[in-house]
Amino acid sequence: MSQAPAPAATQSFVHPDHYLLDELFSEEHKLIRNAVRSWVTERLSPIIEDFAQRSACPTHLIPEMGELGVFGPQLPQEYGCPGLDYIAYGLIMQEIERGDSGIRSMASVQGSLVMYPIYAYGSEEQRRKYLPKLAKGELMGCFGLTEPDFGSNPGGMRTHFADKGDHYLLNGSKMWISNSPFADIAVVWAKNEQGKIHGLIVERGMEGFTTPEIHNKWSLRASATGELVFDNVKVPKENLLPNVSGLKGPMGCLDSARYGIAWGAIGVAMDCYHTALKYSLERIQFDVPIAAFQLTQKKLAEMLTEITKAQLLTYRLGQLKNEGKATTAMISMAKRNNVDMALTIAREARQILGGMGIVGDYPIMRHMMNLESVVTYEGTHDIHLLITGMDVTGIPAFRKA
Ligand code: TGC
Ligand code: FAD
């Protein structure tokens, strides 16, 4: 019989709050966080390992997520959205990502990369047509910026559209698109005949539009990832987002999604820390719990320290976001720091669990593999270092002069 402690799925989650951050959250924040936490514990955590092992996306949860209000929670109630502040939005992402980064991806793409651009750059008709259904999960969306030859450098994109009088004709392709295999609509960034970037809403069923799935991922296995292929797709003119042009359109959406990732990464780190702490107190080696060894305590102490620093950074960022003062560079720093922090913690937690760290009875390895995508998408770790570098020096180092 195994001497290993009980799997984490059977243990109740206690979140680390070393600096009493709960005293700063409003009652509403805590209620929202606890509601999403309960949903994750009851509905997501029990099934996610199986879906990830099978590389399947639990799309049956979408209506429940819509009901819970996790799609576009920061957008106004007049469009069927919850109208919450950015700290509530962050806490929602934190709790979902404690369950799985792929499911947080599904929610943040929907809220920040599909609903946000329709809200911020769309016409009133587009808002009324799409937002209430997207909020409920009756429609799902994806966001097409990256192309096979243009990832970190999205401004080089080749996908383009031509004005054909009563419609636009769209050609090109997008790569690595979360939700694409099942999305009903895609917010696609493409260049017009003058080379200016615009957003178009492309609907499933439009002739020439296909969404092949990308298989064989070792990361984000419970999230569906695919391509978007446009072969002479006729897009109605009313599907152009009228109120933005240029790279600042998609980049503005990324600010919102990166903010959510900064919170989400804390959720993963909390889950890894909690799992490792419980395990280390119960696992006996050399006649004592492994938590009694100084080297284990060093790992746990460093994990808690890094989580606490990330919590304080992110809480302050949330306040600034609520006040409209959070800059791209501030959000970028939090995304980079917190994902890197979570990845380090996942690796340390896996070591604490020894051999049990690599099996699906515990969430560690799944989180660790997921984070390998999170550290790359929405701007790689190094691109975010360069964003901070540009912020402090005023010199962009993205390309050779
Ligand atoms: P650069 O010359 O710096 O800027 C071009 C124009 O864009 C504006 N801009 C922004 N505007 C608003 N918010 C931001 N965050 C902005 N960043 C840039 C900028 O002001 C300028 O505007 P204008 O009016 O002067 O023309 O652009 P660059 O070509 O040198 O590139 C800069 C760089 C490398 C920082 C940027 O392109 C970048 O961040 N690259 C990373 C690409 C990226 O993050 N892709 C993400 C794809 S989506 C995704 O990964 C979804 S994962 C989904 C999930 O969660 O599952
Ligand atoms: P590259 O840009 O080719 O980068 C490769 C390496 O070169 C990296 O280490 C990078 O840091 C480095 N590098 C590049 N440029 C520089 C530079 N100037 N200076 C120093 N180093 C540099 N995109 C979407 O549009 N929508 C989505 O929904 C979406 N979902 C995704 C889901 C998953 C699972 C993944 C893996 C990706 C997703 N992406 C999505 C794409 C993601 O944003 C890109 O993968 C990311 O921006 C990096 O682009 P790339 O993979 O082409 O890498």
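In the predicted model, a backbone N or O atom of glycine 379 is placed 2.9 Å from an oxygen atom of ligand 1. Side chains also approach the ligand: an N or O atom in the side chain of serine 105 lies 2.6 Å from an oxygen atom of ligand 1, and for the side chain of arginine 258 the corresponding distance is 2.7 Å. On its own, ligand 1 has 1,100 Å² of accessible area, of which the protein covers 73%.

The shell around ligand 1 comprises 26 residues, and those that come nearest are Ser105, Arg258, Glu378, Gly379 and Arg399. By class, this shell contains eleven nonpolar, nine polar and six charged residues. Ligand 1 sits in the largest pocket. The greatest contribution comes from α6, with six residues.

The largest pocket itself has a volume of about 1,200 Å³. Its lining consists of 42 residues, with Thr146, Gly151, Tyr377, Glu378 and Gly379 nearest the centre. Two or more lining residues are supplied by each of α4, β3 (167-178), α6, α8 (328-352), α9 (364-374) and α10 (381-393). In composition, the lining divides into 18 nonpolar, 16 polar and eight charged residues.

Key
Residues are numbered from 1 along each chain as its sequence is written. Chains are lettered from A and ligands numbered from 1 in the order in which they are written. This is a predicted model: local features need pLDDT of at least 70, side-chain atom pairs count only at pLDDT 80 or more; totals for chains, interfaces and linings use all residues. Side-chain values use heavy atoms; hydrogens and water are left out. A residue is near a molecule or strand if one of its heavy atoms lies within 4 Å of it. A polar contact is a pair of N or O atoms within 3.5 Å; within protein, one must be able to donate a hydrogen and the other to accept it, and residues adjacent in sequence count only if both atoms are side-chain atoms. Accessible areas come from the Shrake-Rupley method with a 1.4 Å probe; for residues, only the protein chains shown count as cover. On a 1 Å grid over the protein atoms alone, a cavity is a set of points where a 1.4 Å probe fits but cannot get out, and a pocket is an open set with protein on both sides within 12 Å along at least five of seven lines; lining residues have an atom within 4 Å of a point. A molecule sits in a cavity or pocket if more than half of its atoms lie within 2 Å of its grid points. Helices (H or I, at least four residues) and strands (E, at least two) are DSSP runs, numbered from the N terminus. Ala, Val, Leu, Ile, Met, Phe, Trp, Tyr, Cys and Pro count as nonpolar, Asp, Glu, Lys and Arg as charged, and the others, Gly among them, as polar. Grid points are joined across faces, edges and corners, and a volume is the space filled by probe spheres set on the points.
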